Number of protein chains: 2
Amino acid sequence: MTATLVTGIGELVTNDPKRGEGSLLGIERDAAVVVDGDRVAWVGAASDAPDADERLDVEGRCVVPGFVDSHTHLVFAGERSAEFAVRMAGESYTGGGIATTVAATRAASDEQLRQNARRLLAEMVASGTTTVEIKSGYGLTVDDEARILRIAREFTAETTFLGAHVVPPEYEDAREDYVELVTGSMLEACAPHARWVDVFCDAGAFDEGEARRVLQAGMEAGLLPRLHGNQLAEGPGVRLGVEVGAASVDHCTHLTDRDVEALAGSDVVATLLPGADFSTRAPYADARRLIDAGVPVALATDCNPGSSFVTSMGWCIALAVRELGMTPAEALYAATAGGARALRRDDIGSIVDGASADLVVLDAPNHVHLAYRPGAPLVRAVWRRGSLVYRHESV
Amino acid sequence: MTATLVTGIGELVTNDPKRGEGSLLGIERDAAVVVDGDRVAWVGAASDAPDADERLDVEGRCVVPGFVDSHTHLVFAGERSAEFAVRMAGESYTGGGIATTVAATRAASDEQLRQNARRLLAEMVASGTTTVEIKSGYGLTVDDEARILRIAREFTAETTFLGAHVVPPEYEDAREDYVELVTGSMLEACAPHARWVDVFCDAGAFDEGEARRVLQAGMEAGLLPRLHGNQLAEGPGVRLGVEVGAASVDHCTHLTDRDVEALAGSDVVATLLPGADFSTRAPYADARRLIDAGVPVALATDCNPGSSFVTSMGWCIALAVRELGMTPAEALYAATAGGARALRRDDIGSIVDGASADLVVLDAPNHVHLAYRPGAPLVRAVWRRGSLVYRHESV
């Protein structure tokens, strides 16, 4: 294995609480990192750096941990721009919604699903994402959910069974039968391809009792729980997440004070998805309230063709700073260490000795530029597991 | 000169009112365009397209006119991310503001200013902008304002003298002397390098009488008027713009009903700058109100290191749809034909016979994706004046 010294780092964001004099991001200036194989082998001042086989000078730029996008629905077919345009015109949309994507996904070949996911993943990598979670939920049959998860597993270890995304049209008058299916043969077919079980517990989706059954069945099958909750209205999502020890409750747009207290007293991460709030003209989640209460927060894209066709974590960071009340440091932390915690991973989301070598070089002197320069192509180079997986063309 | 046939265009946005059955964007489907030299030589159905020397199939993608960014402050030195971070933390910033950039710009060499502008312009081109306006306003001495405009002219014909950006620190107790300077020797030195004269007419900047003097002096020197107005508070900006026949009043965040009526009864464009509203946590301009009143609207980035360090017109379009009440079609029109009108140009901003061949190929089936996929790298190729100036690396 070749060791590479990345040096000339003007600002290094480590997320290491032992560095940077108590700053949230553990910032080191004039720093260097040694990447050995797929791991970080050394972090420190550039002037103290050891020798290495190769040497790369990033000329004063900022280096941050690769983004951890802990909530995506990346395996699907089709697009819903017409629905988006109608929604933005303030009209109510009577088209198919999720059912449109379910129909397109069922009709697509494996290779079509794979190609679409590959294209979106390439966008994600180019925008600095080095770990991605992928959910099922656009198949909603035993075979299609298992197929989606098999394809998702080709791209990531963080796969999530979301058979309980919506009740599919053919079960409209038989939701109990659908919950039986999800917790029975569908779970059995999907569990081998998934690490997580998820449920959309919200107004118009699955109620508390149904959601509890889905999560408990998944946990009995060896999956770890997480859930969609409190996106559309106040409800039982957070309460249930705390009850079952979910790694994360995702969305958290509508929270009562008791929800915030419950989160603060638990180990559950609140994963905020500003792309969904943006693209559905919903109110934005209040990250400030959560952070001030001591709740760990993650940011993710929620990439899906209906409510958040977003691949860029940098864009989510900028939006979180403008609209969710986060500082640039808090937003970057949530998009890296926060996402890692939401996936219960301690090997990613930070740049420390022994961590996965997931590094992003920004064409900027500091991390604030992620929010200060919204929409700008700041990502210059990306290493994932020690391999250079993206390099921006020179401009 | 070589003629190129661009064909396989799934959706062609022409902005031609004679096309597309009365749709704002003059959309043609399954279309083709012939580029001959620096001009559009033919537009129509792919099946009717004439032969050409070269042929490029864009495989069903969407083609739109190059963006016209009619409001930027691109020639400057330094950055103000610390000021941004403090502002986003909700604290008031007692640093230098514009004066910080003025000091850095005065201290920079021509080559430093040129390199910084070149880097930002490259970002703009890669995000689909083919015409850019550039203002002075960070020099605020006779020599520095003229120097900025000379450098700006290397990049664009659309240069704007904005000596009346703020009163510089050295004239703090002598604003009348500064207005004398701006309308006298500074104007004389700058007019040869500028097409436009601009003034920041707003609370805390220049008052109505001062702004009128600046614009009138500029007009007497052969420059065309435009102005910054109604950004920070209601005020005389719009009224003055209509009075002097300005091409555009830029910002228009705070408008009275009388302002909207005055704009609607005039030929003045309201140029909206959502990046500034975003980055200063200001209320967003109400595009819906203006459009419904019949006011022509443009979108621009306001690219500057203080209040809107934005280069991407696509990002502005997405924000305009989410926050300014525009439809995706209205926002795209404002970012192309609207910008052209704000610069009083009829050769850009549309894809019609004889127009400048400024074309953007989007990696999307339709223009809605500019708002539907916020933050995504949709720009695949850019032609400016008939030359391919950007091509996205394949992913």
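View 1. In one of them, R373(B) pairs with E123(A), with 2.8 Å between the closest N and O atoms. The model is predicted, and side-chain atom pairs count only at pLDDT 80 or more, local features need pLDDT of at least 70, and totals for chains, interfaces and linings use all residues. Side-chain values use heavy atoms, without hydrogens and water.

**View 2. Buried area between chain A and chain B.** About 3800 Å² is buried between the two chains (accessible area, 1.4 Å probe, lost on being put together and summed over both), 56% of it on carbon and sulfur atoms. On the side of chain A, R322(A), Y372(A) and R373(A) lose the most area to chain B, together 22% of what that side buries.

**View 3. Residues in contact between chain A and chain B.** Contact (heavy atoms within 4.5 Å) involves 45 residues from chain A and 45 residues from chain B.

**View 4. The rotation axis relating chain A and chain B.** Chain A is superposed on chain B by a rotation of 180° with 0.0 Å of shift along the axis, at RMSD 0.0 Å (least squares on the C-alpha atoms of residues with pLDDT of at least 70 in both). The two copies are therefore related as by a two-fold rotation axis. Among the residues of chain A, G375(A) comes closest to the rotation axis, its C-alpha lying at 3.0 Å. Both copies use the same surface, since 100% of the contact residues of chain A recur in chain B.

Notes
Residues numbered from 1 in each chain as written. Chains lettered and ligands numbered in written order. Salt bridge = Lys/Arg side-chain N within 4 Å of Asp/Glu carboxyl O.
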